[in-house]
Amino acid sequence: MSVLELKDISGGYGEADILHGVTLTIGEGEIVVVIGPNGAGKSTAMKAVFGLLRLSGGTITLAGEDITGMDPARVVRKGVCYVPQTNNVFSTLTVQENLEMGAYIREDNFKPRIQEIYEMFPPLAEKRKQRAGELSGGQRQMVAMGKALMVEPKILLLDEPTAGLSPIYRKEIFDTVRQINATGIPILMVEQNAKQSLAVADRGYILVDGRNRTQGKGSDLLQDPEIAEMFLGG
Amino acid sequence: MEFINFYLLPGIVLGSIYALGAIGVSLVFGILRFANFAHGELMLIGAYITYSLFQFTGLHPLAVLPLAMVLTSFIALGIDHTFYKPFRNSKTTIVIVASFGIALMARSAVQIIWGVDTFSYSSGRIEMPIVLFGGLRIFMKHVWIVSCSIGLMLCIHTILSYTRIGKAMRAMSDSAELARLTGIETEKVVRATWILGASLAAAAGVFLGLDSHLHSMMGFYMLLPMFAAAILGGIGQPYGAMVGGLVVGLAEELSSYPWLGDSPLLPPAYKAGVAFALMVLMLLWRPSGLFRGRVF
Amino acid sequence: MDAAQAYGYMLYLVSLITIGGIYALMCLGLNIQWGFTGLFNAGIAGFFAIGAYVSAILTTDGSPFHLGGFGLPVAFGLVGAMVVTAVVAWLVGLLCIRLRSDYLAIATIGIGEIFRLILKNEIWATNGARGIAKIPLPFETLAEPWNKIGFMLLVLAIVVAFYFLIERARLAPWGRLMTAIRENEHAARAAGKNVERFRVEAFICGSVLMGLAGGLTAHYIKFIGPGATEPLTTTFLVWVMLIVGGSGNNRGAILGAFMMWTIWSFSEVLTSRLPEELAIKAAYFRIFLIGLLLQVVLQRYAGGILPERRLVSVTNKK
């Protein structure tokens, strides 16, 4: 059974729809990547899960339960964690405090989890007392992911985690994505770096103009000549 | 010595009162994203409730202050629920208009209940200062005001730095959107903000009353210096607001010291303008404040 | 009803319309600032006071107690009031117009307070707390009801003239641009418009009307002092008038002014019959109720009685 399913989603922010019947499914333990040109509605589709947009049609189910249009605070409590592309850490809070906020919905002792996160992202352990806003872009991304992982989510949504990062950091982030996935957490990721992201993904979706264009195994998409021409150019 | 007795010490006392008010302004501005014009009126309400409790129980105003803080918090929560909550997702300018109206309503409510006469907590007794080191004049009430203010600021510091709700308040002030995506119950944070803001405002009102007297316009006259202090410190930066309060208080008092020649640098009648001048200069020079608060 | 009573009622009606008209001017001014351009002015009473004092100083005969003695005709006084308010508003605008609406609101409160301090403390010019008396009333040579009626007609003529002027400006590119700035400042900026300059213009235009209203009031009541108007009540009343009448709509502004002034004035007449103790409290109760009315309108009827008629703009429809 799929963990998260977006079925025939249409909607947008204002009057006009951005999405016209987008369907995405993420199964147990999968890494799924969504790629497409700018303005194709990739990030918008992700925001739909969090009730952050006006839906005009379609349903969203989490492990069989309908969560369409649910308030973000409740979606988080259901175990869906989302790392936005920008503005994804509390920049005036310290690294440690960011992780604590990530665990806000947990009532139990989350101290051991913080240790695990520091083991997963060693650079953060050294900077735990530093304000998140003072860190480099790559480290901030780590804080954002670490914060999301504090609740041991059922599924993790990443919105362009490598946007604006240097190639070295990009590789590191993709390695981390794989590492997180190895602990059994399914991941849905929106990406611009089609080549690298398809390489780590189990499956990929290609959205164009708010509609599903193609989908398939990551490795198959990588070899598809049409797709290569469209997105993989360099 | 005259400088210390008549300018520096009153400046520090006034500064701590402004600081308490400014913390609340800054927290509300940072978390609810609007300039609450009715914040001075929370001070007014707190001071008058304390006056009634003081009359009723015969205890020292500081002894009944905690109860007044609780009552003022309830009033603030009620105002938020009735008048501000319907606008949670509207443009902030509408909320400012609403808060402008709330300020007038709150003040006229005080004027209806308690009248417009001036009250005093000291019931006619005039306190004599303690003279130290052959000339340093210290009033006990000033010692109380400053030490209680410091105590309250330490409380705020503890809450904001070490408690879950306090950290959530800072987080929401940082980014309300991310706070929601993190699963923080934003309405709970809003309530906590009003409780802290109203409690501090009540305390500030009582301290101001202890320092001089109570009158129904005191809240309005506090508005400008409190906002100046909050902006000086950087919106959403409670520690900045503390420093900002002190700076504004000192600047107001020191502005009338005869720095050049024998006459005051600025006639004391224009003291209230100092806060405004500081605020405008700060907004033009560095809108994020001394402590890099949020810029809207 | 005997003749004397009827005469009394008529005089009351004349004063109601006169002061209502003066408020309508302020309301139109605030409508330019807030309704069209989205500028928050919480210092209306300050500009009102400047106009009042300038016109008073220009038109009174010499007095040892205050600056003045120019003895100019009333028309000069009113024009002077507008010019000086314009200059002050321009200076304020240069300083504060870039501020976000919250900050502008606080800044205008501060400016209003500073005006008040100056008027109260610069005794050489304003006679301090005792104020300026013996301000000439236009049409003073006419007999009793006719001078009042003449002044009322003058006020109404001014209101009508400004209504047509502002209505034309609203429909002209200038007015459309103001709304564009209010709705989307960034887009207006991106379109190469000098947003600051237009905002300052709107701020000046609105303030000039407030100054003119101040000047008219000074002549009408023939006296001006720092206590003549309670600054917050004046400012607040104008705001309530505009919001109730319909922010962004000139007719709404005028309707709101006359309507709210009638309610305000009637309730004052009613409560003045109460015993003194209660009458004082009732005055505050009226402010409380007006505040409540504002909240109800904001929450339930956000557009006011005559909501803004939106111009169909190019950006709305594809």
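B:Phe37, B:Phe100, B:Phe227, C:Trp34, C:Phe40, C:Phe236 and C:Trp239 come together as one aromatic cluster. Please keep in mind that this is a predicted model. Counted over all chains, it holds 25 aromatic pairs, and a search of the whole structure also turns up 18 salt bridges. Here is a friendly tour of some of these contacts, topic by topic.

**Aromatic pairs**

- A pair of aromatic rings is described by the distance of the centres and the angle of the planes.
- B:Tyr84 and B:Trp194 make a stacked pair, with 5.7 Å from centre to centre and 20° between the planes.
- This pair links distant parts of chain B: B:Tyr84 belongs to helix H3 (residues 61–84), while B:Trp194 sits in helix H8 (residues 186–211), 110 residues apart from its partner.
- Both B:Tyr84 and B:Trp194 are buried.
- In chain C, the ring centres of C:Tyr163 and C:Phe164 are 5.2 Å apart and their planes meet at 70°, so this pair counts as edge-to-face; the cut-off for that label is an angle over 60 degrees.
- What is the relative accessibility of C:Tyr163? The value is 12%, so C:Tyr163 counts as buried.
- C:Phe164, on the other hand, is exposed, with a relative accessible area of 53%.

**Arginine over aromatic faces**

- B:Arg164 lies over the face of A:Tyr104, at 4.2 Å from the ring centre, which brings a residue of chain B to a ring of chain A.
- Within chain C, C:Arg286 is placed over the face of C:Trp264, and here the distance from the ring centre is 4.2 Å.

- Side chains of opposite charge can pair when their charged atoms come close.
- B:Lys167 and A:Glu100 form a salt bridge whose closest N and O atoms are 2.2 Å apart.
- Which elements does this pair connect? B:Lys167 lies in helix H6 (residues 164–174) of chain B and A:Glu100 in helix H3 (residues 95–102) of chain A, so the contact joins two chains.

**Salt bridges within chain A**

- A:Lys78 pairs with A:Glu65 in a salt bridge, with 3.1 Å between the closest N and O atoms.
- A:Lys78 is in the loop between helix H2 (72–77) and strand S6 (80–83), whereas A:Glu65 is in strand S5 (residues 65–66), so to speak a distant part of the chain, 13 residues apart.
- A:Glu152 lies in the loop between helix H6 (137–149) and strand S7 (155–159), and A:Arg106 in the loop between H3 and helix H4 (111–120), so the pair ties together parts of chain A that are 46 residues apart in sequence.
- A:Glu152 is partly exposed, with a relative accessible area of 46%, whereas A:Arg106 counts as buried at 15% relative accessibility.
- Which residues belong to the network around this pair? Salt bridges with shared partners join A:Arg106, A:Asp108, A:Arg113, A:Glu116 and A:Glu152 into one network.

Technical notes:
Residues numbered from 1 in each chain as written. Chains lettered and ligands numbered in written order. Predicted model: local features only at pLDDT ≥ 70, side-chain atom pairs only at ≥ 80, totals over all residues. Heavy atoms only, no water. Phe/Tyr/Trp six-rings, centres within 6.5 Å; stacked < 30°, edge-to-face > 60°. Helix = DSSP H or I, 4+ residues; strand = E, 2+ residues; numbered from the N terminus. Buried < 20%, exposed > 50% of the residue type's maximum accessible area, 1.4 Å probe, protein only. Lys NZ or Arg CZ within 6 Å of the ring centre and 35° of its normal. Salt bridge = Lys/Arg side-chain N within 4 Å of Asp/Glu carboxyl O.
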